[in-house]
Amino acid sequence: MQASENGRFLRVAAGADRLIRGMIQVFCRAADRGNPQPDQNGRGPRALKKVTMKPDMLASAGMPAGGRLSRSIRGVALACFFVSASLPAGAAIAQDAVQSTDSQAIAAIVNDQIISSYDLEQRVRLVMVSSGIPNTPDNVARIRGQVLRALVDEYLQRQEAQRLNISVTQEEMDAALARIAQRSNMTIEQIEKFLQEGGVSRSALEAQIRSDIAWNRVVQQQFGGLVTVGQNEVDEVLRRLEEEADQPRYLVSEILITFDGPAHAEEISAGTQRLVEQIREGAPFEAVARQFSQSASAANGGDIGWVHASQLPEGVGEVVSNMQAGMISDPIRTMNGFYIIQVRAMQTGTGADPMRDQYSLMQVLLPLTPDADPAAVSRRAREAQDFRSQVTSCEAAPGLIRKYLSGTSSPVQQVIAGQLEPRVRQALTGVRVGGATDPIRSERGVEMLVICAHKPAQGEMPTREQIDDSLFEQQLSMMGRRHLRDLRRDAVVVYR
C-alpha cells in the first residue's frame with residue numbers, strides 16, 4: 001500500500017494547527033500531498049496521516065479509532081496536565097545538583113538544560129488561553145506544577161532530537177505558522193495579537209511547534225520501519241464491523257491521560273477529576289482534549305466518531321452504554337490511563353456518519369468593533385437579517401453583502417462536518433442550500449455562513465487500505481509514548 005511522501009509530515013501540519021484551533025474558530029483543515037518514495041524494500045513510506053475513513057470503523061478490539069503521534073503540537077507540552085511535579089517511579093532526581101543565587105529564575109533543570117521561571121509562566125498562560133479553562137488564580141496555582149512536568153517532557157523530546165541530529169529550519173517554522181494562519185482565516189499578525197492579549201509571546205508558541213515537529217520525526221525515524229500490520233488484523237476489524245452492524249452506536253469524544261504505573265496513577269487521579277469539573281462548568285471539551293489528551297484522537301479534539309461499545313477499551317464501553325447524549329463521564333480508570341468520555345449522540349444501526357457530511361461554505365462579514373455602541377450593533381443586526389432574507393446562492397452573496405458598509409465575503413471552502421467547531425455545525429442545521437446561518441457576533445463583527453452545497457455522507461464500509469493505515473498509525477503512536485516514558489525513566493531532573 002503506497003502512501004504519499006508528505007504523509008509522514010501531515011501529523012506535523014495537523015499538529016501545528018491544534019494549538020491555535022483551541023483558541024479561535026476554524027472550519028476547515030487542508031491536507032498535504034506528495035510523491036511516494038520507496039524504502040529499501042521497495043515499499044513506499046507509511047503515512048502519518050489523518051485517515052478519512054469513518055472513525056467508528058477503525059477500532060479493533062479495545063482500541064478506539066483515530067490516530068496521531070504520541071503528542072501533537074496542539075498539546076505536546078500540555079498533555080501531562082495531571083502529572084504532579086514529582087517524577088514517576090524510576091526517574092533519577094538530583095535535588096541539589098545546581099546552585100543558583102536566584103532560585104526563582106530556575107523552574108527546573110533537565111539533564112543539563114534549564115527551564116526558566118519565565119518559560120514556565122509563558123506556558124501556563126498558553127494553557128489558559130488555548131484550553132478554555134478560566135484564567136483564575138486558583139486554576140493557575142493548580143496547574144503550575146503539572147505544566148512544569150509537561151515542559152520537562154518537551155525538553156526530553158528536544159534533547160532526543162538533538163542526539164539524533166534532527167533539527168527544524170526557520171523555513172519550516174515559517175511554513176507551519178503560515179498554515180495555521182491560512183486555516184484560521186487570520187494573518188500571522190492577528191494570531192500574534194491574540195496571543196499577546198493573553199500575555200503569551202510568539203516565541204512561546206514557536207518553541208512548542210519546533211519541539212513537536214522534531215519529536216514527530218524522532219518517532220518516525222526510530223520506529224516507522226518497525227511497525228507492521230498483518231492482514232489478519234485488518235480481517236478482524238472488518239469482521240467486527242459486519243457483526244455489529246445493527247447494534248447501538250455512540251458518537252463519542254474522549255480525553256485520555258496515561259500513567260506509568262500504579263503510583264503514578266494515584267498522582268493524576270485527582271487532577272483528572274478536576275478536569276471533568278472544568279468541562280462540566282463550561283470549558284469546551286474539544287479545546288481541552290486538544291491540549292491535554294494523550295490519545296490518538298487528540299488532534300481531532302477528542303472526536304472518535306461513531307463507535308460500538310465493544311470497540312472501546314475494557315471498562316469504557318460499559319460506562320458509555322449507560323450514558324445519555326450530552327453527558328460527560330466521571331474519570332474511567334483502565335490499564336493504561338484515565339478516560340473522560342463525552343457522548344454527543346446515539347443511534348441504532350450503521351447508517352451514514354453525519355460527521356462526514358460534505359459542505360461548501362462561504363463566510364460573510366459585517367465588520368463591527370468590539371466596543372461598538374448599541375446603535376451600531378442594532379444596525380448591523382438589522383443588516384444581517386436583511387441579508388439572510390435576500391440571499392439565495394453563493395453566487396449572489398458577495399454582491400449582496402457589499403451593499404452594506406464594509407461588508408465582505410470569503411472564497412468558497414470545502415469542508416467535512418467533523419472539521420467544524422460544534423457551534424458552527426449546530427448553526428448549519430436546518431439551513432437550506434443557498435441560505436445563510438443565523439448571525440454570530442465575534443471580535444471581528446457579525447459573521448454568517450452561506451451554504452453553497454451540502455452532500456450528506458453515505459453509509460459505507462472502509463477500504464482495507466484505510467484500516468491498515470489507521471492501525472499502523474495507532475501502533476506508531478503507542479511506540480512514541482513508550483519511548484518518551486523510557487526517556488523520563490533515564491533522566492536526571494532537578495525541580496527548583
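This is a short chat about a predicted model of a protein chain.

Colleague: What is the mean pLDDT of the protein chain?

Modeller: The mean pLDDT, which is the predictor's confidence in each residue from 0 to 100, is 76, and 76% of the residues reach 70 or more. Over residues 1-103 the pLDDT is below 50, and where pLDDT is low, the predicted coordinates should not be read in detail.

Colleague: Which residues form the aromatic pair?

Modeller: Phenylalanine 259 and phenylalanine 338 form an edge-to-face pair, with 5.8 Å centre to centre and 65° between the planes; rings of Phe, Tyr and Trp (its six-membered ring) pair if their centres lie within 6.5 Å, and planes under 30 degrees apart count as stacked, over 60 as edge-to-face and the rest as tilted.

Colleague: Is phenylalanine 338 buried or exposed?

Modeller: Phenylalanine 338 is buried, with a relative accessible area of 5%, where buried means under 20% relative accessible area, exposed over 50% and partly exposed in between (1.4 Å probe, protein chains only). Phenylalanine 259 is buried too, at 12%.

Colleague: New topic: what does glutamate 383 touch?

Modeller: Not counting residues up to four places away in sequence, glutamate 383 touches Leu366 and Tyr404, a contact meaning heavy atoms within 4.5 Å. Glutamate 383 counts as buried because its relative accessibility is 15%.

Definitions and conventions:
Residues are numbered from 1 along each chain as its sequence is written. This is a predicted model: local features need pLDDT of at least 70, side-chain atom pairs count only at pLDDT 80 or more; totals for chains, interfaces and linings use all residues. Side-chain values use heavy atoms; hydrogens and water are left out.
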